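Please keep the sequence and the model in view while reading.

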Amino acid sequence: MEVKKYIAGKLNKGAVHVTLIDPARQAPEAAGRLAETAQEVGSDLIFVGGSSGITQRTLSETAEAVKERASIPVLFFPTGTDSICLNLDAFLFLSLLNSRNSQFVSGTQSRVSSLLKRLDVEVLPIGYILVEPGMKLGEIGEADLVARDNFWQAIGYALTAQFMGMSYVYLEAGNGAAQPVPAGMIRAVKREVDIPLIVGGGIRTAIDARRVRQAGADIVVTGTVIETAGYRERLRSILSALKD
Ligand code: 1GP
């Protein structure tokens, strides 16, 4: 089934949860186990990627292990890496709207788009916006980070994503951020845009997840939480906060 339709179906019933698996953080087999757990506790999607310095081999082996253990859609999340994965269920076609470097806005994408078309890969066009602190993603992506209190700038970029015809807008605080995107900013953006709103970075607890959801996030992405001890229970409580 088309991933975009699958997501739309899930959104009709409530919030969508995504587990991000970074191939650089564990062996492929462990990544497969994480994916299985994520699915068991109720994650709707898996993103594979999101780190610098992943080798093509690690990425491919991780993607394969994840696909073997999970039946929910697995999407490639191409940030800060030259490695690429074309055989997953869909490709997150991210444009980092607040980058100073056009490579991250459309340059890298232009080098892979013909291949994606030829291989008939499903792409999900996303306006990606980095909010402070941005973490490593902000540095690598040469982003002019949106300040945490600058709601108007966040709205401006989010509407830019919508007017450019993107399918989703993604507010990202950065992998491993101490705090998620502020609830006030999520609320302000949600009020203005009509396309689904993805929020990620710094969401570690059920309280964080509920706050982000109540502020208006349609799709909530968590990564680091699965890299900590007791992750099954943490993930379970995040899921119940989102799906209640
Ligand atoms: C995905 O970068 C996030 O949007 C993941 O961030 O690792 O902080 O959950 P965390």
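Two strands are said to pair if DSSP finds at least two bridges between them. Helices (H or I, at least four residues) and strands (E, at least two) are DSSP runs, numbered from the N terminus. The model is predicted, so that local features need pLDDT of at least 70 and side-chain atom pairs count only at pLDDT 80 or more, while totals for chains, interfaces and linings use all residues. Residues are numbered from 1 along each chain as its sequence is written, and side-chain values use heavy atoms, with hydrogens and water left out.

Six of its six residues are buried, so β1 is largely enclosed by the rest of the structure. Here buried means under 20% relative accessible area, exposed means over 50%, and partly exposed lies in between (1.4 Å probe, protein chains only). V16, V18 and L20 point one way from β1, whereas H17, T19 and I21 point the other way. On one pairing, β1 is joined to β2 (residues 45-49) by four parallel bridges, and T19 stands opposite I46 in β2. Four bridges also join β1 to β8, again in parallel, and the partner of V16 in β8 is I219.

The pairing can also be followed through β7 (residues 197-200), which is joined to β8 (residues 219-222) by three bridges in the parallel sense. V199 has V220 as its bridge partner in β8. Strand β6 (residues 168-172) pairs with β7 over four parallel bridges, and E172 stands opposite G200. From β7, L197 and V199 point one way and I198 and G200 the other, and all are buried.

The helices come next. Two packed helices are described by the angle between their axes and the distance between the axes.

Helix α7 (residues 183-192) packs on helix α8 (residues 206-215) at about 25°, with the axes 8 Å apart. The two are therefore roughly parallel, a description given to angles under 35 degrees, whereas those over 145 count as roughly antiparallel, 65 to 115 as roughly perpendicular and the rest as oblique. Their contact (heavy atoms within 4.5 Å) is made by A183, I186, R187 and K190 of α7 and R211, V212 and A215 of α8. By class, this contact has four nonpolar, no polar and three charged residues; Ala, Val, Leu, Ile, Met, Phe, Trp, Tyr, Cys and Pro count as nonpolar, Asp, Glu, Lys and Arg as charged, and the others, Gly among them, as polar.

Helix α8 also packs against α9, at about 25° and with axes 8 Å apart, which makes α8 roughly parallel to α9. A206, A209, R210 and R213 of α8 meet S237, I238, A241 and L242 of α9. Five nonpolar, one polar and two charged residues form this contact.

Finally, the axes of α2 (residues 28-41) and α9 (residues 231-243) come within 9 Å and cross at roughly 35°. L34, T37, A38, E40 and V41 in α2 meet Y231, R232, L235, R236 and L239 in α9, and these residues divide into six nonpolar, one polar and three charged.

Methods
Axes fitted to C-alpha atoms, helices over the stretch in contact; angles between N-to-C directions.
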